Amino acid sequence: MSFGYRAIALRGIALAAIVAAFGAPAMAEEVKVVFGSTGSDLTDFPDLVKPWEDKTGNKVSVVPMPSSTSDQFAQYRLWLAAGTSDIDLYQTDVIWAPQLAQHFVDLTAAAKDLIPTEFPSIIQSQTVGGKLVALPIFTDAPALYYRKDLLEKYKQPVPKTWDEMAASAKIIMDGERAAGSKDFWGFVFQGNAYEGLTCDALEWVKSFGGGQIVEPDGTISINNPKAVKALETAKSWVGTIAPAGVLSYQEEEARGVWQTGNAAFMRNWPYAYSLGNGADSKVKGLFDVTTLPVGAEGDSSAATLGGWNIAVSKYSKHQDAAISLALYLAGPEAQKWRAIHETHLPTIQALYDDADVAKAAPIIPQWKNVFLNAVPRPSAPTLGKYNEVSAKFWSAVHDTLSGNGSAADNLAKLEGDLTDIKGDNW
Amino acid sequence: MTTPDSFQGQNAGPSLQQQRARAAFWFLAPMLFALFCVAAWPLLRTFYFSMTDTTLDNLYAGKWIWFKNYLRVISLPSGAVQYRGTLVDPNWWNAVWNTVRFSIVSVLFESVLGLAVALALNAEFKGRSIVRAAILIPWAIPTIVSAKMWAWMLNDQYGIINDLMLKAHLIDHKIAWASTTDTAMIAVLAVDIWKTTPFMALLCLAGLQMVPRDIYEAARIDGIHPVKVFFRITLPLIRPALMVAVIFRMLDALRIFDLVYVLTPNSAATKTMSVISRENMIDFNKFAYGSAQSTLLFAILAVFVSLYIWLGKVDLSGEGRK
């Protein structure tokens, strides 16, 4: 009998503890945000949202996702198709707006004060049929990271063309390997078969003057001699100046090789800038950034437009709190914080002239023109078929890089596949 | 189960056998209902979806289009005729080939290695129970975890496999196991064999322990060579257990998804039927097309298993005639 009483007493205590833990701030709401973890944004997030939590009394909890945007998209599409109310806010890639628009709340009215401070092109990219699907929280345009100490040591210039880059990379790599760093490589980039390879390869093709896969008017332009040349050039790096394993690298794997001091050049997004200058980085203070190289003298450099946004789920049960958090995350305070701590490019124009930002992250004011001239991926003309187009493109590139068919054959086949996918109309 | 025979000569109410069958049916009913809900219903629904043009944006808005996801004929304005659909999709057939290749090789290796391990474990030695438990560890680790673990071990730059092989002078440069087209399938196979051999070993061991010991004693007294004992006594006796184990593994291998998805995502060299069907359903928003591929996957699985059982029977009867 005594056992029964004890059990009841224990249950009572447990209940009291639960009430004490969760019941007290009865009015506070818990808002769930989901995003992929790249660099330090997952560990930084509690600090970032602390001011908002203090002000509103609400709590933010994070549902972390893998850093591959392709993986995130698949999960989000499933959740949204099922109309789940478990997630209130989604961090969305710049290319997703047309594909997921119907599941998100229109933020036009809520953000009416914020919109005029932003770059119009970014707001445009997140507007689908007059509905503002998501608020930009940072934009992205990649850079060529280079080791200034090694360029100096081997008397190499900062490369302007891809061929110059490859030549310098080879010289530095041979020199460093002869000096004992056996794992040293010339160049690392994102060669895995995923959305990131679409970004990298679009830059190669565009900077050789080979168009942008599908042009804004919907024409399929990818099968041309300049694009073939671009891919052949990239193919020549794999196994020579870039490790063969680059074909499985995403952003973080490339940064891993770079930040341990094992690469002379890296193509990556600006987030790697502050991480590379972190206390635990072997390349701290030893590197600088420049715009990505061009195909030949006279071509113009191309950077793929990236960037992330925050969208409020139509199925959220805490929509007001979620919208409030979205406005905070997209607002000047949070964007400045991200610019300083994570070198994420702001989408608010005034922050490019901000003295604190310029001091903490000199890359940012320098990068304003790069991202303003960035090449968008063809998500606007291809609409709901973008993922398939992108997957076909990255597969063709990945095949070429891994020696599975020539660039010319793969691009000719790609043209056929894309024409198929397009059908009568995108 | 009632047979017509049980009715004969039973005019006074249901026989005891009938009563028992009826009682058994009611006991089985909840299980049958559960099976219908979790197995038959999703299968029928997938089949239904494969005949529509459903997308993930709205699962209830699909229109019935018969077999167009499987095969359809398009007449181009130029007068040429083209075939479209899963049945003429080279990506699909590449995935089928990958899956079949993977299944046959992995099941073959797992069966042979599993049997070898089981024979070793069947012997009496000190600490046998610890070894038996230890060998099950790879099987106990969730596939996602072991796939990720192997992905790191096989990593070209930091991976321990490359490091060890370099030190042993087996290779002269680091190999990107999971990302090179030629080695991606080998990597997937190696991890799957590592993971699943213990399962096969366990099933084989269960079969081995059913074999009466006195047969071996008799064989030893007759002075029969151990190899002959294995092929003439052990193998025929554990054959039924082995057959079931192989069917289980074959079913599992043909629908492999997690290992490939984690270890070599998006590599055309390893994409299996499940992977490509998921890709179409979710990534490409072609839910119906992916459903058609899932349906085909089910059909292929059914064919494989029937074929296997049928071939197994032929063999058995051949032995009976001897």
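In chain A, four strands make up an open sheet with mixed pairing, and their order is β8-β9-β7-β10. Strands here are DSSP runs of E of at least two residues, helices are runs of H or I of at least four residues, and both are numbered from the N terminus. Two strands pair if DSSP finds at least two bridges between them. The edges of the sheet are held by β8 (185-188) and β10 (287-290) of chain A; each has a single partner strand, so one side of each is left without a neighbour in the sheet. From one strand to the next the twist averages 15°, with axes taken as lines fitted to C-alpha atoms and angles running from 0 to 180 degrees between N-to-C directions.

Strand β7 (residues 143-147) and strand β9 (residues 263-268) of chain A are joined by four bridges in the antiparallel sense. L144(A) has R267(A) in β9(A) as its bridge partner.

The model is predicted: local features need pLDDT of at least 70 and side-chain atom pairs count only at pLDDT 80 or more, while totals for chains, interfaces and linings use all residues. Residues are numbered from 1 along each chain as its sequence is written, and chains are lettered from A and ligands numbered from 1 in the order in which they are written.

Chain A is assigned domain 1 (2-140 + 306-372) and domain 2 (143-304 + 378-422), with bounds that come from an automatic or database domain assignment. The C-alpha centres of these two domains of chain A are 30 Å apart. Their contact takes 21 residues from domain 1 of chain A and 20 residues from domain 2 of chain A; two residues are in contact if their C-beta atoms, placed from the backbone, lie within 7 Å. On the side of domain 1 of chain A that touches domain 2 of chain A, the elements giving two or more residues are α3 (69-81), α4 (97-100), α13 (332-342) and α15 (363-372) of chain A. The largest share of that side, three residues, is from α15(A).

The largest nonpolar core has 167 residues, and F187(A), V188(A), A326(A) and C204(B) have the most contacts inside it. Such a core is a set of buried Ala, Val, Leu, Ile, Met, Phe, Trp, Tyr and Cys residues joined through C-beta atoms within 7 Å, where buried means that 20 or more other C-beta atoms, placed from the backbone, lie within 10 Å of the residue's own. Helix α7 (residues 181-208) of chain B gives the most to this core, 10 residues. Domain 1 and domain 2 of chain A both give residues to the core, so it lies between them.

Notes:
A residue is buried if 20 or more other C-beta atoms lie within 10 Å of its own, exposed if 12 or fewer, and partly exposed in between; C-beta atoms are placed from the backbone.
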